[in-house]
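Thanks for coming. I have one model to go through today, and I will keep it short.

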Amino acid sequence: LWQTIGAEDSAYFTVDRNGLARCAGGLCATARDVARLGQLIVDNGRRGDRQIIGESVISDIENNGDADAWRNGEWGKSFSSISRNMRYRSGWYLVDDQPRTMFAMGVNGQNLFIDRANKIVVAKLSSWKKRTDSVPMWLTHRGFEGLQRALIRIPE
């Protein structure tokens with residue numbers, strides 16, 4: 001995957017004691033290469049004339065996920081200051097406000113934001129002291145929304 005998206009640098013995964021990739025995260029990559037992954041999703045899984053991720057996979061992530069389960073779960077409460085219209089599917093968080101946003105999130109403030117309709121991709125790397133922290137998380141989302149408004153000229 002990394003070579004096919006045109007990544008400039010190697011990526012690494014943290015592994016468990018058996019040498020297997022951790023399912024809970026652990027991707028280490030540059031912001032530019034993470035943004036390339038986001039661009040691949042904006043482009044329906046295609047890079048040039050090559051289909052890398054199936055359109056059905058992206059459609060499943062974008063259109064499924066249980067909003068009620070999210071709202072009633074522990075994360076729904078944690079993210080309520082960001083939006084009450086959210087879902088989760090296959091490692092992706094989906095904000096159903098307008099404009100719709102997909103994002104992936106890592107520990108200590110890593111984010112990949114995608115607005116497919118407006119072709120916006122933002123990769124953000126951080127080094128927060130806490131693995132998750134609601135205040136900078138909220139500020140990060142507000143910052144991305146401000147960037148969206150500026151790029152697509154949505155009034156506040």
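First, the ground rules. This is a predicted model, in which local features need pLDDT of at least 70 and side-chain atom pairs count only at pLDDT 80 or more, while totals for chains, interfaces and linings use all residues. Residues are numbered from 1 along each chain as its sequence is written, and side-chain values use heavy atoms, with hydrogens and water left out.

Salt bridges, then. The term here is a side-chain nitrogen of Lys or Arg within 4 Å of a carboxyl oxygen of Asp or Glu. Over the whole structure the search returns nine of them. In one, Arg36 pairs with Asp33, with 2.8 Å between the closest N and O atoms. The two are three residues apart in helix H1, residues 31-42, so about one helical turn separates them. Helices here are DSSP runs of H or I with at least four residues, strands are runs of E with at least two, and both are numbered from the N terminus. Asp33 is buried, at 0% relative accessible area, whereas Arg36 is partly exposed at 22%. Buried means under 20%, exposed over 50%, and partly exposed in between, with a 1.4 Å probe and protein chains only.

Another pair is Arg89 with Asp60, at 3.0 Å, N to O. Arg89 sits in strand E5 and Asp60 in helix H2 (residues 55-63), so this pair ties together parts 29 residues apart in sequence. Then there is Glu145 with Arg142, at 2.7 Å, N to O. Both belong to helix H5 and are three residues apart, about one turn. Salt bridges with shared partners also join Glu8, Arg32, Asp33 and Arg36 into one network.

On a 1 Å grid over the protein atoms alone, a cavity is a set of points where a 1.4 Å probe fits but cannot get out; a pocket is an open set with protein on both sides within 12 Å along at least five of seven lines, and lining residues have an atom within 4 Å of a point. Volume is the space filled by probe spheres set on the points, which are joined across faces, edges and corners.

The second largest pocket holds about 180 Å³. It has 13 lining residues, and the closest to its centre are Asp97, Gln98, Pro99, Glu145 and Gln148. H5 gives the most to this lining, with five residues. What joins Gln98 and Pro99? A cis peptide bond, with omega about -5°. Pro99 is in the loop between strand E6 (92-95) and E7.

There is one cavity of 30 Å³ or more, and the largest cavity has a volume of about 40 Å³. Its lining includes Met105, Trp128 and Arg131. E7 and strand E8 (110-115) each give two or more residues to that lining.

The loop between E7 and E8 contains Asn108, a residue other than glycine with positive phi, near 60°. Ser90 likewise has positive phi, near 50°, and lies in the loop between strand E5 (86-89) and E6.

Last, helix H3 (residues 67-72) contains Trp70, which counts as buried because its relative accessibility is 9%. Its C-alpha is 9.2 Å from that of Arg84, 14 residues away in sequence.
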